[in-house]
Structure formats: C-alpha cells, structure tokens
Amino acid sequence: MTKIRFFAENGKILLIADGHASEGHKEDGNIICAAESMLIQTIAKNVIEADDEGTAKNIQVDLLDGHAIIACDTSDIDLIAAVKGIAKGFELLSECYPNIISYNRSQKVSKQ
C-alpha cells in the first residue's frame with residue numbers, strides 16, 4: 001500500500017509518499033504504481049521549475065524507491081493551484097483503489 005500525505009496552502013507545499021502500490025496487489029498494483037509515480041514526478045517537476053524561475057524557495061525534492069518528499073515555500077498562486085490539481089489524481093486513485101492507496105489531504109502535514 002502507498003500512503004500519500006499532501007498539503008498546499010498558505011505558501012507551503014508538502015507531499016510525502018511512502019510504500020509500494022504493487023506490494024501484495026499484483027493485478028492492479030503495477031498500473032497504480034505507474035499512475036502514482038507519474039503524479040509524484042509531475043509535482044516534482046513543477047516545484048523544480050518554480051525554483052529555477054525563482055518563485056519557490058527552500059525546496060526539497062527527494063525521490064527514492066518507495067519514498068518521496070517534495071516540499072517548498074512559494075507565493076506563486078499558479079504553482080499552488082497546479083500542484084493541487086495534480087494531487088487530485090491521488091484522491092481519484094484512493095477512491096477507486098482504497099486497498100492500494102491511502103490519500104490524506106490535510107490543513108497541516110509535517111515531514112515526520
């Protein structure tokens with residue numbers, strides 16, 4: 001199972017992903033893993049590009065096997081809106097495959 005925690009409000013973006021969708025879910029797990037990975041990579045690309053453009057600071061992008069942290073501070077409302085839109089994909093996946101992905105969009109998420 002993959003656990004996704006996400007926060008994007010008040011100038012902060014934080015996404016934490018832990019686990020593997022394919023573990024114990026051979027039939028649907030690989031396609032869900034690919035979908036999760038694409039969403040995570042797309043959020044990471046948006047944050048990295050914002051950093052390059054100078055609209056994000058204090059960025060952290062750690063993409064590891066079975067674990068990802070993406071974080072930044074930003075005043076760019078377009079970046080926050082884009083990341084929230086991309087993260088809707090996690091919500092859709094968790095509604096369709098609740099035994100494979102858990103999604104928590106909260107008002108506050110810590111890196112711990």
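L39 is buried, at 16% relative accessibility. Buried means under 20% relative accessible area, exposed means over 50%, and partly exposed lies in between, with a 1.4 Å probe and protein chains only. The model is predicted: local features need pLDDT of at least 70, side-chain atom pairs count only at pLDDT 80 or more, and totals for chains, interfaces and linings use all residues. Residues are numbered from 1 along each chain as its sequence is written, and side-chain values use heavy atoms, with hydrogens and water left out.

L39 sits in helix α1. Helices (H or I, at least four residues) and strands (E, at least two) are DSSP runs, numbered from the N terminus. Leaving aside neighbours within four places in sequence, L39 is in contact with I86, G89, F90 and L93. Contact means heavy atoms within 4.5 Å. L39 and D78 are 39 residues apart in sequence, and their C-alpha atoms are 17 Å apart in space.

D28 also lies in helix α1. D28 counts as partly exposed, at 30% relative accessibility. Apart from neighbours within four places in sequence, D28 is in contact with Y97 and I100. Between D28 and K57 there are 37 Å, C-alpha to C-alpha, and 29 residues in sequence.

Now the sheet. Which order do the strands take? The order is β3-β4-β2-β1-β5, in an open sheet of 5 strands with mixed pairing. β3 and β5 stand at the edges, each with a single partner strand, so one side of each has no neighbour in the sheet. On average, neighbouring strands of this sheet are turned by 5° against each other, direction ignored. Axes are lines fitted to C-alpha atoms, for helices over the stretch in contact, and angles run from 0 to 180 degrees between N-to-C directions.

Helix α2 (residues 77-96) packs on the sheet. The helix touches β1, β2, β3, β4 (67-74) and β5, and its direction makes about 145° with that of β5. At the start of α2, a side-chain oxygen of D76 comes within 2.9 Å of the backbone nitrogen of D78. A polar contact is a pair of N or O atoms within 3.5 Å; within protein, one must be able to donate a hydrogen and the other to accept it, and residues adjacent in sequence count only if both atoms are side-chain atoms.

Strand β1 has two partners. β1 (residues 2-9) and β2 (residues 12-19) pair in the antiparallel sense over 8 bridges. β1 and β5 (residues 101-105) pair in the parallel sense over 5 bridges. Two strands pair if DSSP finds at least two bridges between them. Strands of a sheet pair through backbone hydrogen bonds, either parallel or antiparallel. T2 has G19 as its bridge partner in β2. K3 stands opposite D18 in β2, and F6 stands opposite R105 in β5.

T2 is worth a stop. This residue of β1 counts as buried, at 3% relative accessibility. A polar atom of the T2 side chain lies 3.1 Å from the backbone nitrogen of A21. T2 touches D18, G19, H20, A21, E36, I100, I101 and S102, not counting residues up to four places away in sequence.

Where does phi turn positive? In the hairpin of β1 and β2, which has 2 residues between the strands, N10 takes a positive phi near 50°. N10 is exposed, with a relative accessible area of 74%. N58, with phi near 55°, also has a positive value. N58 is found in strand β3 (residues 56-64) and counts as exposed at 55% relative accessibility. Most residues other than glycine have a negative phi.

Last, the core. Which residues of the largest nonpolar core touch the most other members? They are L15, I43 and F90, out of 28 residues. β1, β2, α1 (26-53), β4, α2 and β5 each supply at least two residues of this core. A nonpolar core is a set of buried Ala, Val, Leu, Ile, Met, Phe, Trp, Tyr and Cys residues joined through side-chain atoms within 4.5 Å. Neighbours within four places in sequence aside, L15 is in contact with I4, R5, F6, I40, I43, A68, I69, I70 and F90.
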